[in-house]
Amino acid sequence: MRILIASVACCLLGTRLPAQSDVSATAAASDPVPDGLAVDDWTSIRAAYEAGRHQAFAVEGGYSARNPGQQWTTLFDGRGFCTTPDAGGWSFGLELVHYGWIGVENGVDNSAEDTVGQSRAVTTAGGRVSYQWDDQLTEWYVNDSRGLEHGYTVQARPAEASGPLSLTLAIRGGLVPEVVANGRDVRFVDATGAVVLNYAGLAVLDADGREIAARFETCAGGLQLTVNDGGACYPLTIDPVVQQAYLKASNTDANDGFGGSVAVSGDTVVVGAWGEASNATGVNGNQSDNSLSYAGAAYVFVRSGTTWSQQAYLKASNTDASDYFGISVAVSGDTVVVGAFGEDSNATGVNGNQSDNSLFGAHYQARPVTVVYGNQSDNSVCPAGAAYVFVRSGTTWSQQAYLKASNTDTNDVFGGSVAVSGDTVVVAASFEASNATGVDGNQSDVCLSYAGAAYVFVRFGSTWSQQAFLKASNTDTNDVFGGSVA
């Protein structure tokens with residue numbers, strides 16, 4: 001038997017661990033396959049490049065690994081780790097000093113003489129570093145694009161052990177831990193009391209997928225992690241997360257769906273909240289009047305050094321109930337695109353008339369968002385949709401364009417997915433019903449329900465125009481072409 005104690009560390013909130021399809025889409029958008037190379041070959045080259053960027057190298061005093069995405073460097077000295085950011089006057093690390101159960105105490109030797117390459121076996125392979133503490137315990141780290149994954153493998157629970165499993169960790173650096181009331185989260189604060197890191201989301205599952213009770217407590221000089229593993233089926237997985245920031249809306253409320261969509265570009269994060277209900281319009285409007293259910297909003301956060309703050313509160317220029325503004329978001333540099341697949345004006349193209357909500361409207365009020373991708377036979381609950389482009393000048397955001405399809409129609413859900421790269425925006429309408437194929441085909445014959453389409457818009461100066469109407473080469477009913485775009 002073994003116990004697996006894993007903590008995915010140093011991951012920014014808002015940069016979720018993507019599914020493979022998301023990784024492929026992101027790579028395709030930001031790093032297209034060079035001419036003459038197969039996709040699989042280019043994927044392998046990119047993977048090797050990423051592995052090289054995160055590799056651990058021998059240095060004086062141990063091993064060092066750079067994490068370019070998280071903008072910090074970690075030193076592994078054979079006793080623990082210490083992470084130092086590129087900017088910011090703090091450092092953070094953990095060092096195991098004791099583990100075991102009542103009746104079976106397993107102190108570890110952290111003496112200065114027991115350094116890398118001596119009595120404790122330290123091994124590396126790419127971005128992985130392992131410490132073999134004794135015959136029973138191995139501590140390991142994996143440095144990759146997600147951050148720093150930190151875990152322990154315990155080979156067996158001794159028969160004479162009683163009571164819960166306990167691990168005592170010393171804290172490195174000048175940050176002070178504060179355990180949240182639930183015992184599952186730890187905030188690390190600096191000398192001013194500002195939260196710098198969150199060690200959050202502790203979850204323990206046994207081999208049968210059951211959640212096992214566990215909690216953090218502060219102790220002299222560090223933290224104690226207690227796992228109530230009596231009756232658990234081994235191995236156990238323990239998985240907290242270290243984060244730079246914990247982001248919430250400036251007007252947090254029930255049913256807002258904050259985090260339903262997220263996007264990041266450099267030091268800017270955009271978070272959608274499709275259920276937010278204020279009647280504000282534009283940028284930084286009044287957040288207090290929650291009279292428009294499911295109107296939706298998006299929030300822009302920016303990082304300075306290691307400190308995050310909200311920079312803007314975005315709303316549509318024609319806010320209305322059940323528009324689901326923020327159902328999709330995208331960001332590239334100083335440009336943000338927000339989809340609102342519940343918007344129901346009959347405008348077409350760029351910056352058309354927003355006031356005529358004749359392509360659905362009242363019948364869609366207060367419908368749950370999941371209904372759009374539910375029963376496809378009920379056309380009474382699917383609106384036209386829109387997308388909105390916002391731009392930043394300095395620290396000020398403003399709406400630059402209101403995008404609609406060139407063939408706007410009820411039931412199209414235009415804006416269900418959006419993407420942006422530089423001066424190019426792609427917006428999908430995955431329920432669009434024309435029987436066109438390829439690029440810029442006939443939009444007028446709407447005989448194929450839920451076939452789907454995508455629309456390419458380009459910017460010249462500050463003016464946007466539609467450049468292409470994209471359809472599959474084998475368009476058919478219920479294909480939902482445009483369910484994702486990049």
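This is a predicted model: local features need pLDDT of at least 70, side-chain atom pairs count only at pLDDT 80 or more; totals for chains, interfaces and linings use all residues.
Is Thr437 buried, partly exposed or exposed, and what is its relative accessibility? Thr437 counts as partly exposed, at 43% relative accessibility; here buried means under 20% relative accessible area, exposed means over 50%, and partly exposed is in between (1.4 Å probe, protein chains only).

Residues are numbered from 1 along each chain as its sequence is written, and side-chain values use heavy atoms, with hydrogens and water left out.

**Around Thr437**

- Thr437 sits in the loop between strand E30 (424-429) and strand E31 (453-460); strands (E, at least two residues) and helices (H or I, at least four) are DSSP runs, numbered from the N terminus.
- Setting aside neighbours within four places in sequence, Thr437 is in contact (heavy atoms within 4.5 Å) with Lys471, Ala472, Ser473 and Thr475.
- Between the C-alpha atoms of Thr437 and Phe469 there are 9.7 Å, and the two residues are 32 apart along the chain.

**Salt bridges: the tally**

- The count is 11 salt bridges, taking a salt bridge as a side-chain nitrogen of Lys or Arg within 4 Å of a carboxyl oxygen of Asp or Glu.

**Asp86 and Arg66**

- The Asp86 and Arg66 side chains form a salt bridge at 2.8 Å, N to O.
- That pair links distant parts of the chain, 20 residues apart: Asp86 is in the loop between strand E5 (81-85) and strand E6 (93-102), while Arg66 is in strand E3 (residues 62-67).
- Asp86 counts as partly exposed because its relative accessibility is 48%, and Arg66 counts as partly exposed at 32%.

**Asp77 and Arg172**

- Asp77 and Arg172 meet through their side chains in a salt bridge of 3.0 Å, N to O.
- This pair also connects distant parts of the chain, with Asp77 in the loop between strand E4 (72-76) and E5, and Arg172 in strand E12 (residues 162-172), 95 residues apart.
- Both Asp77 and Arg172 are buried.
- Salt bridges with shared partners tie Asp77, Arg79, Glu95 and Arg172 into one network.

**Lys315 and Glu276**

- Lys315 pairs up with Glu276 in a salt bridge, their closest N and O atoms being 2.6 Å apart.
- These two link distant parts of the chain, 39 residues apart: Lys315 is in the loop between strand E24 (307-314) and strand E25 (325-332), and Glu276 is in the loop between strand E22 (268-273) and strand E23 (297-304).
- Lys315 is buried, with a relative accessible area of 0%, and Glu276 counts as buried at 1% relative accessibility.
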